[in-house]
Amino acid sequence: MARVAASRRSFLGHSYNLVGVVASLVILAWTLIAIFAPAIIPHSIGDIVDDDYFGPMRQGLWLGSDYLGRDMLSRVLMGARYTVGISLAAVCIACFSGVVLGMIAAVTGGWLDSCLSRFLDAMNSIPSKLFGLVVVAAVGSSIPALILTLAVIYIPGAYRFARALAVNINSMDFMTVARVRGESTAYLIGSEILPNIMRPVLADFGLRFVFIVLLLSGLSFLGLGLQPPLADWGALVRENIGGLPFAAPAVIVPSLAIASLTISVNLLIDNLPQKIRDRDA
């Protein structure tokens with residue numbers, strides 16, 4: 001069975017791992033749910049549709065009800081919209097900013113490299129959860145504030161990762177030849193460095209997305225994420241934690257949703273097609 005699961009299938013010139021395909025389908029499913037959630041939820045997320053709290057799974061309430069008798073299926077589907085949307089926006093800002101700054105610092109060097117590195121090292125020394133708690137508590141937990149806070153937390157790590165890769169590429173002979181030809185810094189970054197670091201940058205993008213999902217869920221669990229009536233998966237776990245002794249679906253299902261998304265992203269990264277993992281393939 002292990003050999004079957006690890007077997008690779010060829011499609012459009014790429015070699016695909018079955019585990020990676022399954023992980024991709026899970027990620028695609030959550031992405032589509034996040035996009036179309038308002039159109040597919042059976043009930044409004046604020047409607048009380050059950051006379052009991054922490055109701056069991058049954059027809060009409062396929063994931064049971066929460067601590068107020070609201071439909072958990074609707075709330076989990078809408079929670080995907082906020083969890084995936086906020087995390088994706090934050091990781092895009094963090095990785096784009098960090099990678100661009102890292103490549104610029106590696107190519108230009110000198111005082112710009114030193115100033116950027118020291119400043120972002122100082123930012124990186126602050127514990128991420130502590131920084132998130134302080135900022136969100138100070139400026140509020142609106143969606144834009146959460147996105148910017150999460151992005152700022154992970155820009156230093158993306159910068160250090162991209163700079164380390166770019167410094168290695170910058171010392172190679174073809175970079176020296178490009179400089180002798182008189183190529184501009186923009187050309188060196190866009191045509192010489194970026195294509196050669198794209199594979200590890202994509203893997204780092206996926207890992208940082210997982211970290212941001214977990215940090216967002218942690219902030220929401222502590223009550224500093226989205227505020228009612230909005231709720232991401234972490235907030236759903238927090239508000240229904242009283243159902244844990246009863247093994248209520250209202251607290252188990254959001255936890256499983258977080259696990260399924262983060263594990264699937266990790267599995268996809270580990271099982272990327274060979275031509276993406278190896279540029280020489």
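**View 1. Helix 2 and helix 10 lie oblique to each other.** The model is predicted: local features need pLDDT of at least 70, side-chain atom pairs count only at pLDDT 80 or more, and totals for chains, interfaces and linings use all residues. Residues are numbered from 1 along each chain as its sequence is written, and side-chain values use heavy atoms, leaving out hydrogens and water. The two helices pack at an angle of about 135°, with axes 8 Å apart. (Axes are lines fitted to C-alpha atoms, for helices over the stretch in contact; angles run from 0 to 180 degrees between N-to-C directions.) That is why helix 2 and helix 10 count as oblique. (Under 35 degrees is roughly parallel, over 145 roughly antiparallel, 65 to 115 roughly perpendicular, the rest oblique.) The crossing of helix 2 and helix 10 is left-handed; in such a crossing the near helix is turned anticlockwise from the far one by less than a right angle. Helix 2 brings Val-19, Gly-20, Ala-23, Ser-24, Val-26, Ile-27 and Trp-30 to the contact; helix 10 meets them with Ala-257, Ser-260, Leu-261, Ser-264, Val-265, Leu-267 and Leu-268. Ten residues of this contact are nonpolar, four are polar and none is charged. (Contact means heavy atoms within 4.5 Å. Ala, Val, Leu, Ile, Met, Phe, Trp, Tyr, Cys and Pro are nonpolar; Asp, Glu, Lys and Arg are charged; the others, Gly among them, are polar.)

**View 2. The largest pocket holds about 320 Å³ of space.** Its lining has 16 residues, and closest to its centre are Ile-27, Phe-205, Gly-206, Val-265 and Leu-268. Helix 8 gives the largest share, five residues. The lining counts 14 nonpolar residues, two polar and no charged. Ile-27, Val-265 and Leu-268 also belong to the contact of helix 2 with helix 10. (On a 1 Å grid over the protein atoms alone, a pocket is an open set of points with protein on both sides within 12 Å along at least five of seven lines; a cavity is a set where a 1.4 Å probe fits but cannot get out; lining residues have an atom within 4 Å of a point. A volume is the space filled by probe spheres set on the points, joined across faces, edges and corners.)

**View 3. The second largest pocket holds about 160 Å³.** Its lining is Val-91, Cys-92, Cys-95, Phe-96, Val-99, Val-100, Met-103, Leu-194, Met-198, Val-201, Leu-202 and Phe-205. Helix 3 and helix 8 are the elements that give two or more residues. Helix 3 has the largest share, seven residues. Twelve lining residues are nonpolar; none is polar or charged.

**View 4. Helix 7 and helix 8 run roughly antiparallel.** Helix 7 covers residues 173-180 and packs on helix 8 at about 170°, with axes 11 Å apart. Phe-174, Met-175, Ala-178 and Arg-179 in helix 7 meet Leu-188, Glu-192, Ile-193 and Asn-196 in helix 8. This contact has five nonpolar residues, one polar and two charged.

**View 5. One cavity of 30 Å³ or more is present.** The largest cavity has about 30 Å³ of space. Ile-45, Arg-75, Met-78, Gly-79, Tyr-82, Pro-229, Leu-230 and Ala-231 line this cavity. Six of these residues are nonpolar, one is polar and one is charged.

**View 6. The protein has eleven helices and two strands.** (Helices, H or I of at least four residues, and strands, E of at least two, are DSSP runs numbered from the N terminus.) The C-alpha atoms fill a box of roughly 75 × 50 × 30 Å along the principal axes.
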